[in-house]
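Subject: Structure handover

Hello,

Here is the structure I promised to pass on. My notes follow below it.

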Amino acid sequence: MRSQYIPVLIQLALAAGFAGSLLVLTHLFGPSRPAAAKLSPFECGVDPVDQAHHRFSVKFYLVAMLFILFDIEAIFFYPWALIFKGAISSGLFLLIEMGTFALVLLAGFFYIWRKGVLEWA
Amino acid sequence: MNFETAVANLGFRDLAGISPALNLILAGIAILALDAILPMRSKLLSAWIALLALAGSLFASLHRLAVGADISAFNHAVRMDPFANAFSAIICLASTLAVLSAPKYLKLREVHLAEYYALILFSVSGMVLFGASQDLLMMFLALETMSIPVYCLVGFTRTNVYSTEASMKYFLIGAFAAGFLVYGIALLYGAAGTVRIEDLAVGLDRAPGLFYSGMALLLVGFLFKIGAVPFHMWTPDAYEGAPTPVTTFMAEAVKAAPFGGMLKVLFVGFGFEEAMQVWQPVLIGIAVLTMTVGNLIALVQDDVKRMMGYSSIAHSGYILVGVAAAAELHSTDALAAVLYYLFIYVLMNAGTFGVLILFSSKDKDANHLDDLVGLGRERPWAAALMTVFLLSLTGIPPLGGFFGKFYIFSYAIQAGMIPLVVIAILNSVVSAYYYLKVIGAMYFREPEDGARAVFYFEGYSVFLIAMLWLSAAGVVYWGIQSETPLLLAEQATASLFKPAP
């Protein structure tokens, strides 16, 4: 019973080890040429400690949001294809369902495209 | 049932089963597409599409309710039984009224966008599925579908700081409440090994500790959503900050919908004796707190929108009295009284906000009590309509609000909860003070500088007038003719305990 959780533990240890070793390795081997922009958290050009009422360009956030939306929806295709592999061939319904999903996705894409969200300037 | 047969079971009849919700989603997407193609002309057209879609879902639900259709879809994850159809009908009616109130107001504020209607439709589709869920996961998804568009709608006048503040606050509290709900679902799944609502009872024998903590967390999540004390803090702020048509939507549809899921979970999932003995006294305590706190704080409000926020908290308390009574009596007829109350509450609330919208101008909402001084003399019809809605909210016969309270309280008396009913009636008396304060301002107060008060129908539109008269006619007619909706509601709640087809 308990032994089936050991792979989870191993994965946890691997993940922690990988992240930890990256930190140590960059510290040891990486060249260190600090600059103000580089030292700021997230290195994204936005000061994280600032007044809340501050003007900033919303473009970054729009792109990030759209990316997350479409990314997650694209990832949704994989489990569908894997899990329903056997069932998809048995009937058209699952295929049509996914087609509808893709259509809704396309409708959203069409909407943001026509609204000019993708124009950077 | 194994996985393959479950998948093979899916088909177009599942989609047909949830057609009232599907119809709204399709209309919402159509509005977005239309706005992308014809940005100049999409606004009023979108309002019409939204109204048509809502009317379609309303009549489909009413028809299904009348013929007693009971449809299980998606391997029993969703069940469109009379109970779900009744909630769907109430919610579609509420949203129709909210959509009717919107176009002119949004135009005055220069935010008349097609997205408004699309967001409302997406939210309503979630609400329709919320009362129909037979599965806690489905219920959670429906809840999020319902809530996320509302967060955006609250901040719809995005240059207004109060609106964005309200949106932020509502979003944070809403996310917090959703957290409680998910955690509760996880614990219940741990206890019962299933997320099917009707099978939750097995969890009590297997792991009582997990079961009760899951039940408590789930209850907290629901109480947040209906704005019961002590989880009510967000209500007045969100109501006050949101644009008034959105407040209308929140105070009726977003208020009524969580009750659908809550009643289903309480009476189907936790409807057996041992669990009921735990949650029923808790609900009684919360009902008393909710009524008292809501009414007492409403007494000192000068802003009518904020006052209505506290009043909506108090009304949640009255409804909880009905829920507690139904649990005590084990009677679905008592639950029907709750449904009837929600139906009337939707009508009278819509009307009250509608009158406020009627006198809202480009720069200013007519929300303050002082803004209504002299309305009775200058605009007698509008004042008369407002009076009808406020008297109904107070609970004066022969208006709908009276009968709503009457049925709930008489079932509570049948259940032997005399002290609770005394507290509820005392609360109604207290509430008369602040509702009558508005009527007093309209009829009996003079403007302080002695000049004549001036009222322009800046928010006037045919939609809004239709909405006001429909709500007023409903409050009067369905108050006197309370038998018909009550009978429908009794059919609806009776299906709650029947096994799914």
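H11(B) covers residues 208-226. Helices here (H or I, at least four residues) and strands (E, at least two) are DSSP runs, numbered from the N terminus. The 19 residues of H11(B) should span 27 Å at 1.5 Å a residue, and the end C-alpha atoms are 27 Å apart, which agrees. That expected span is 1.5 Å times one less than the number of residues. Of the 19 residues of H11(B), 14 are buried, so this helix is largely enclosed by the rest of the structure. A residue is buried if 20 or more other C-beta atoms lie within 10 Å of its own, exposed if 12 or fewer, and partly exposed in between; C-beta atoms are placed from the backbone.

Before more detail, the ground rules. This is a predicted model, in which local features need pLDDT of at least 70, side-chain atom pairs count only at pLDDT 80 or more, and totals for chains, interfaces and linings use all residues. Residues are numbered from 1 along each chain as its sequence is written, while chains are lettered from A and ligands numbered from 1 in the order in which they are written.

Chain B

Chain B has 22 helices and two strands. Its radius of gyration is 22 Å, close to the 23 Å that the globule rule gives for 501 residues, so chain B is as compact as a globular protein of that length. The radius is taken over C-alpha atoms, and the rule is 2.2 Å times the number of residues to the power 0.38. The C-alpha trace of chain B spans about 75 × 60 × 40 Å along its principal axes. Buried residues make up 59% of the 501. Among contacts in chain B with a separation of 6 or more, 79% join residues 24 or more positions apart. Two residues are in contact if their C-beta atoms, placed from the backbone, lie within 7 Å.

Helix H7 of chain B covers residues 114-130. It has 17 residues and reaches 25 Å from its first C-alpha to its last, close to the 24 Å expected. In H7(B), 17 of the 17 residues are buried, so the helix is largely enclosed by the rest of the structure.

The largest nonpolar core has 194 residues. Such a core is a set of buried Ala, Val, Leu, Ile, Met, Phe, Trp, Tyr and Cys residues joined through C-beta atoms within 7 Å. Helix H16 of chain B (residues 332-358) gives the largest share of this core, 21 residues. Ala50(B), Ile90(B), Ile91(B) and Leu342(B) have the most contacts inside the core. Beyond its neighbours within four places in sequence, Ile91(B) is in contact with residues including Val124(B), Met127(B) and Ala253(B).

Glu252(B) is found in helix H13 (residues 244-269) of chain B. Buried or exposed, Glu252(B)? It counts as buried, with 27 C-beta neighbours inside 10 Å. Glu252(B) and Ala94(B) are 158 residues apart in sequence and 5.9 Å apart in space, C-alpha to C-alpha. Leaving out residues up to four places away in sequence, Glu252(B) touches Ala94(B), Leu97(B), Ala98(B), Val346(B), Asn349(B) and Ala350(B).

Chain A

Chain A has six helices and zero strands. Its radius of gyration is 22 Å, well over the 14 Å that the globule rule gives for 121 residues, so chain A is more spread out than a compact globule. Of those 121 residues, 0% count as buried. Ile10(A) sits in helix H1 (residues 6-29) of chain A. Ile10(A) is exposed, with 10 other C-beta atoms within 10 Å. Ile10(A) and Glu43(A) are 33 residues apart in sequence and 32 Å apart in space, C-alpha to C-alpha.

Chain A averages a pLDDT of 83, and 93% of the residues score at least 70. pLDDT is the predictor's confidence in each residue, from 0 to 100.

Where the chains meet

Ten residues of chain B are in contact with 13 residues of chain A. H3(B) gives the most to the side of chain B that touches chain A, with four residues.

Best wishes
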